[in-house]
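Hello,

Here is the structure I promised to pass on. Please look it over before you read my notes.

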Amino acid sequence: MTPSAHYRMFGHYNAWANRRLYDAAAQLDIEHYRADRGAFFKSVHGTLNHLLATDRIWMQRFTGEGEAPDRLDAILFETFGELRAAREAEDRRIVDFVDGLDDGRIAATIKYRRVSSPE
C-alpha cells in the first residue's frame with residue numbers, strides 16, 4: 001500500500017469511527033452527556049468539542065485554511081446537534097484533503113506552533 005493510500009484509508013476510517021462515536025453519544029440523556037466525568041475535558045460534550053478543535057487545528061496547519069481555536073478545551077458548539085453537524089462537515093473536509101494527497105505531499109515537512117505553548 002502506498003503512503004497516500006494508507007492515509008486515505010485512515011481518513012475514511014476516522015469519519016466512520018466518528019459516526020459511531022456520535023451515534024453512541026446521541027443515546028445519552030442530557031445529564032449523562034453533560035456530567036463531569038473527571039476526565040481532562042470533563043464531560044462527553046467537552047471531549048467531543050476537544051476532538052473537533054484538534055482536528056480543526058491540524059487541518060489549518062495542513063491547509064492554511066479554516067477556523068482553528070486557540071485553546072484545546074474550547075467549546076466550539078453548545079448543542080449536540082450543532083456539534084454533530086460540524087463534526088460531519090470536518091470529517092468531509094478531512095476525507096477530501098487526504099483523498100487529494102500524493103506521496104510527495106506526505107513526505108513533505110510542515111512547520112507549526114503548538115497551541116498550548118506557542119513559544
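The notes below cover a helix pair, a salt bridge and a pocket.

This is a predicted model: local features need pLDDT of at least 70, side-chain atom pairs count only at pLDDT 80 or more, and totals for chains, interfaces and linings use all residues. Numbering starts from 1 along each chain as its sequence is written, and side-chain values use heavy atoms, without hydrogens and water.

The contact (heavy atoms within 4.5 Å) includes Tyr 7 and Asp 23 of H1, and Arg 84 and Val 98 of H4.

**Salt bridge.** The whole structure has eight salt bridges (a side-chain nitrogen of Lys or Arg within 4 Å of a carboxyl oxygen of Asp or Glu). One joins the side chains of Arg 84 and Asp 23, at 2.2 Å, N to O. Arg 84 is in H4 and Asp 23 in H1, so the pair ties together parts 61 residues apart in sequence.

**Pocket.** In the largest pocket, 16 residues form the lining. Nearest its centre lie Tyr 7, Phe 62, Phe 97, Val 98 and Leu 101. A pocket here is an open set of points on a 1 Å grid over the protein atoms alone, where a 1.4 Å probe fits, with protein on both sides within 12 Å along at least five of seven lines; lining residues have an atom within 4 Å of a point.

Best wishes

How values were computed: Helices (H or I, at least four residues) and strands (E, at least two) are DSSP runs, numbered from the N terminus.
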